[in-house]
Amino acid sequence: MESRESLINQIALLHEEKEHQKLIVLIEGQSPAAMYYELTSLLARAYIHYAQPYMDSFPEYIKHAVEQLCSV
């Protein structure tokens, strides 16, 4: 299991590279016990940045981001 700091650094790098889909996969791959406030918020941010208005799934991604934020 990677350290929290290492995970946050990897998330920051993927965000800078606009690799939001990879970011979503990385965060969702964490154990439920690891989903603390910061990680949940970063997942919501990734969904918001990944969602594009032209996508059929745009409303679902935004809804999922809102659900993540409401959970914390």
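Okay, before I show you anything: two rings from Phe, Tyr or Trp count as a pair when their centres lie within 6.5 Å. Keep that in mind, and remember that what we're looking at is a predicted model.

So, which residues do ring pairs link into a cluster here? They're Tyr47, Tyr50 and Tyr61. The structure holds 2 aromatic pairs. One of them is tyrosine 50 with tyrosine 61, and that pair is edge-to-face, with 5.2 Å from centre to centre and 85 degrees between the planes. Now look at where those two sit: tyrosine 50 is in helix α3, residues 37-50, while tyrosine 61 is in helix α4, residues 58-71, so the pair ties together parts that are 11 residues apart in sequence.

The charged end of arginine 4 sits over the ring of tyrosine 36, 4.3 Å from the ring centre.

Okay, on to the core. The largest nonpolar core has 15 residues, and Ile11, Leu23 and Ile27 are the ones with the most contacts inside it. Helices α1 (4-16), α2 (20-28) and α3 each supply at least two residues of this core, and α3 gives the most, with 6 residues.

Let's zoom in on isoleucine 11. If you leave aside its neighbours within four places in sequence, isoleucine 11 touches Leu23, Leu26, Ile27, Leu39, Leu42 and Arg45.

Note on methods: Residues are numbered from 1 along each chain as its sequence is written. This is a predicted model: local features need pLDDT of at least 70, side-chain atom pairs count only at pLDDT 80 or more; totals for chains, interfaces and linings use all residues. Side-chain values use heavy atoms; hydrogens and water are left out. Rings of Phe, Tyr and Trp (its six-membered ring) pair if their centres lie within 6.5 Å; planes under 30 degrees apart count as stacked, over 60 as edge-to-face and the rest as tilted. Helices (H or I, at least four residues) and strands (E, at least two) are DSSP runs, numbered from the N terminus. A charge sits over a ring if NZ of Lys or CZ of Arg is within 6 Å of the ring centre and within 35 degrees of the ring normal. A nonpolar core is a set of buried Ala, Val, Leu, Ile, Met, Phe, Trp, Tyr and Cys residues joined through side-chain atoms within 4.5 Å. Buried means under 20% relative accessible area, exposed over 50%, partly exposed in between (1.4 Å probe, protein chains only). Contact means heavy atoms within 4.5 Å.
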